[in-house]
Amino acid sequence: MTDNTTDAVEGAGAIDISKRAEESVVHESQRDREVLLTVKDLAKHFPVKEYSGLFPKTLQTRAVDGVSFDLAKGETLGLVGESGCGKTTTGRLVTRLLEPTSGSIEFEGREIAHLKEKALRPMRRDIQMIFQDPYGSLNPRFTVSKIIGAPLEIHGLVPKDKIKARVQELLEIVGLNPEHVNRYPNEFSGGQRQRIGIARALAVEPKVVVADEPVSALDVSIQAQVMNLMSQLRRDLGIAFVFIAHDLGIVRHFCDRIAVMYLGKIVEVGDREDIYEKPQHPYTQALLSAAPDLNVVRGAVPNERIRLIGDVPSPIDPPSGCRFRTRCWKAQEICAAEEPPLDPEDGKPSHTIACHFPEVKTNLVAEADAS
Ligand SMILES: Nc1ncnc2c1ncn2[C@@H]1O[C@H](COP(=O)(O)OP(=O)(O)OP(=O)(O)O)[C@@H](O)[C@H]1O
Ligand code: SF4
Ligand SMILES: [Mg+2]
């Protein structure tokens, strides 16, 4: 199948977002931030049955367990961490595809954590999600016209007789051939399908997009095209992103701020430079040093990989105190007894670290091996 997409995003201005683009905030300084979304102590516990005894017991998987962050207009927050740490669940909570067990999600000053479907409907337009799997996230029985047109119809954004033209316009914006409007998802490549997913999210002119590993299922060459598209859309439309990814190189390229998650919690949040050049949490340092292609870590983390000892503990029964302590080479008694709060670096409120002994270190390998 030929990929007749274009690298450039021609006509991105076709979306009526000129005002929003003007309002788009470039975050050179945290002082200028205009916060759109505030998440506080967010938790999602999934009940799971255990069948070890005579009777099944219900246990709780603490997938997300007290996560707090905020997101400003036009900003891109990267959410990184090992598989199973709760990134997707956090994304689904923020978009309210899931209801949280507890905690708060404030969008433009309004609490949305526990709103019912009817009350949520207007806000669904503002917070959209792009899914990881371009194959599973599009209904194979619907044409592209229906997939992208449905949100336009639901939110009454375009008169019915103009929907098709609008869908074609959106296809053009994401670099797809507008003549393919009546095709089905299986007639497109993975990269093209992801563009359809992006067009569907953009159709309603969202203020926030949660992109969950949007390029990890794509070939490397197509990854670059889709990332270029998202970068351009972010610039042109001023959309704020929560960008979930494994690839720390892509996150560094795309995100203004980064939140590092471990076992359902955020352990460090900071501007890109803080996280990549002066990480202070041992887990962040380990994560960065395990990314051999990331030739960016100047001084803070050695070129050699930090060997983390042991497996990630179960989110059903996480360790007491600091959850990273079972794999941390710096752990002390207090780490088991007291959970470290997410505290700001001295004099720098934008960089917070949840560790009893945060520090920028230059030679972590020896300590990791010695423990
Ligand atoms: N519906 C569910 N029922 C029970 N457990 C769940 C459910 N969804 C997620 N989990 C569990 O919650 C934890 C977090 O899952 P989540 O998908 O959010 O992780 P992730 O960080 O996105 O991982 P990955 O990088 O592999 O995509 C995992 O232990 C997972 O098994
Ligand atoms: S709180 Fe203790 S165990 Fe946790 S990361 Fe810091 S030093 Fe390691
Ligand atoms: Mg995930």
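**Ground rules.** The model is predicted, so I kept to its limits: local features need pLDDT of at least 70, side-chain atom pairs count only at pLDDT 80 or more, and totals for chains, interfaces and linings use all residues. Residues are numbered from 1 along each chain as its sequence is written, chains are lettered from A and ligands numbered from 1 in the order in which they are written, and side-chain values use heavy atoms, with hydrogens and water left out.

**Strands.** I took helices (H or I, at least four residues) and strands (E, at least two) as DSSP runs, numbered from the N terminus. I called two strands paired if DSSP finds at least two bridges between them. I looked up S1 (residues 35–50) and found it antiparallel to S2 (residues 57–72), with 13 bridges.

**Salt bridges.** I counted a salt bridge where a side-chain nitrogen of Lys or Arg lies within 4 Å of a carboxyl oxygen of Asp or Glu. The structure has 20 of them. For burial I used relative accessible area: buried is under 20%, exposed over 50%, and partly exposed in between (1.4 Å probe, protein chains only).

I checked the pair Glu75 and Arg257 next, whose side chains meet at 3.1 Å, N to O. Glu75 is buried at 0%, and Arg257 is buried at 7%. Both belong to a network of salt bridges that links Arg33, Asp70, Glu75 and Arg257.

I then looked at Arg62 and Asp65, which form a salt bridge with their closest N and O atoms 3.0 Å apart. Arg62 is partly exposed at 31%, whereas Asp65 is buried at 9%.

The last pair I looked up was Glu169 and Arg166, in a salt bridge at 2.5 Å, N to O. Both are in helix H5 (residues 163–173), three residues apart, which is about one turn of the helix. Glu169 is partly exposed at 31%, and Arg166 is buried at 10%.

**Ligand 2.** I counted a residue as near the ligand if one of its heavy atoms lies within 4 Å of it. There are 13 residues around ligand 2, and those that come nearest are Cys322, Cys328, Cys335, Cys355 and His356. I sorted the shell by class and got nine nonpolar, two polar and two charged residues. In that sorting, Ala, Val, Leu, Ile, Met, Phe, Trp, Tyr, Cys and Pro are nonpolar, Asp, Glu, Lys and Arg are charged, and the others, Gly among them, are polar.
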